[in-house]
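Take a look at the chain below.

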Amino acid sequence: MPSDDIVERPEREHRPSPIDVHVGGRVRLRRTLLGMSQEKLGDALGLTFQQVQKYERGVNRIGASRLFDLSRVLDVPIGFFFDDMPDALGGSQSAARRSYGLAEQQEGFDDETLHRRETLELVRAYYRINDPSVRKRVFELIKSLTPTE
């Protein structure tokens with residue numbers, strides 16, 4: 001084959017899969033909710049914190065066995081990592097799956113506020129209040145400060 005018949009292929013820019021980014025974001029969300037550092041999570045998995053960073057950004061794809069390990073260390077079911085996935089990424093359940101009962105319909109949150117660091121810190125602080133009556137008063141105080149709908 002003559003060399004001028006060879007078609008040059010442009011270098012494809014490597015971008016993480018949106019699903020890998022979503023799963024990595026869920027790893028970060030749970031780790032942050034637990035107050036766990038990337039280093040501590042890495043130690044529990046036998047990884048460096050840099051590898052954990054790459055998983056959380058979706059740069060490195062998380063394999064099945066690693067996802068299983070993450071679910072155990074972070075104390076969540078494997079499905080947690082796929083919760084709240086946007087419909088464009090396959091988050092909505094097909095009629096076939098619903099009709100066969102392979103997955104229950106769940107209501108997710110479309111609100112980005114749940115993924116903000118401030119929200120995560122607030123929830124962690126709230127649940128560190130040991131006295132249930134004090135926690136309830138804090139909850140009522142916060143509700144009273146918000147505008148009525």
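Glu 39 lies in helix α2. Helices here are DSSP runs of H or I with at least four residues, strands are runs of E with at least two, and both are numbered from the N terminus. At 52% relative accessibility, Glu 39 is classed as exposed. The cut-offs are these: buried means under 20% relative accessible area, exposed means over 50%, and partly exposed is in between, with a 1.4 Å probe and protein chains only. Glu 39 sits 8.3 Å from Gln 50, C-alpha to C-alpha, and the two are 11 residues apart in sequence.

A word on the source. This is a predicted model, in which local features need pLDDT of at least 70 and side-chain atom pairs count only at pLDDT 80 or more, while totals for chains, interfaces and linings use all residues. Residues are numbered from 1 along each chain as its sequence is written, and side-chain values use heavy atoms, with hydrogens and water left out.

Now the whole chain. The secondary structure comes to 7 helices and 0 strands. Of the 149 residues, 21% are buried. Take the contacts (heavy atoms within 4.5 Å) between residues at least 6 apart in sequence: 62% of them join residues at least 24 apart.

Back to α2, and its packing on helix α3 (residues 49-57). The two axes come within 8 Å and cross at roughly 100°. That makes α2 roughly perpendicular to α3. Axes are lines fitted to C-alpha atoms, for helices over the stretch in contact, and angles run from 0 to 180 degrees between N-to-C directions. Angles under 35 degrees count as roughly parallel, over 145 as roughly antiparallel, 65 to 115 as roughly perpendicular, and the rest as oblique. On the α2 side, the contact is made by Gln 38, Glu 39, Leu 41 and Gly 42. They meet Phe 49, Val 52, Gln 53 and Glu 56 in α3. By class, this contact has 3 nonpolar, 3 polar and 2 charged residues. Nonpolar covers Ala, Val, Leu, Ile, Met, Phe, Trp, Tyr, Cys and Pro; charged covers Asp, Glu, Lys and Arg; the others, Gly among them, are polar.

Next comes helix α4. How do α2 (residues 38-45) and α4 (residues 64-73) pack? Their angle is about 120°, and their axes are 10 Å apart. That makes α2 oblique to α4. Leu 41, Ala 44 and Leu 45 in α2 meet Arg 66, Asp 69, Leu 70 and Val 73 in α4. This contact has 5 nonpolar, no polar and 2 charged residues.

Arg 31 belongs to helix α1 (residues 18-33). Is Arg 31 buried or exposed? Its relative accessible area is 9%, so Arg 31 is buried. Its side chain reaches the backbone oxygen of Met 36 at 2.8 Å. Leaving out residues up to four places away in sequence, Arg 31 touches Met 36, Ser 37, Gln 38, Leu 41, Glu 56 and Leu 74.

Most residues other than glycine have a negative phi. Asp 75 has a positive phi of about 55°, although it is not a glycine. Asp 75 lies in the loop between α4 and α5 (95-99), and is exposed at 62% relative accessible area. Asp 84 is found in the loop between α4 and α5. Asp 84 has a positive phi of about 60° and is not a glycine. With 31% relative accessibility, Asp 84 counts as partly exposed.

Technical notes:
Polar contact = N/O pair within 3.5 Å; in protein donor to acceptor, adjacent residues only side chain to side chain.
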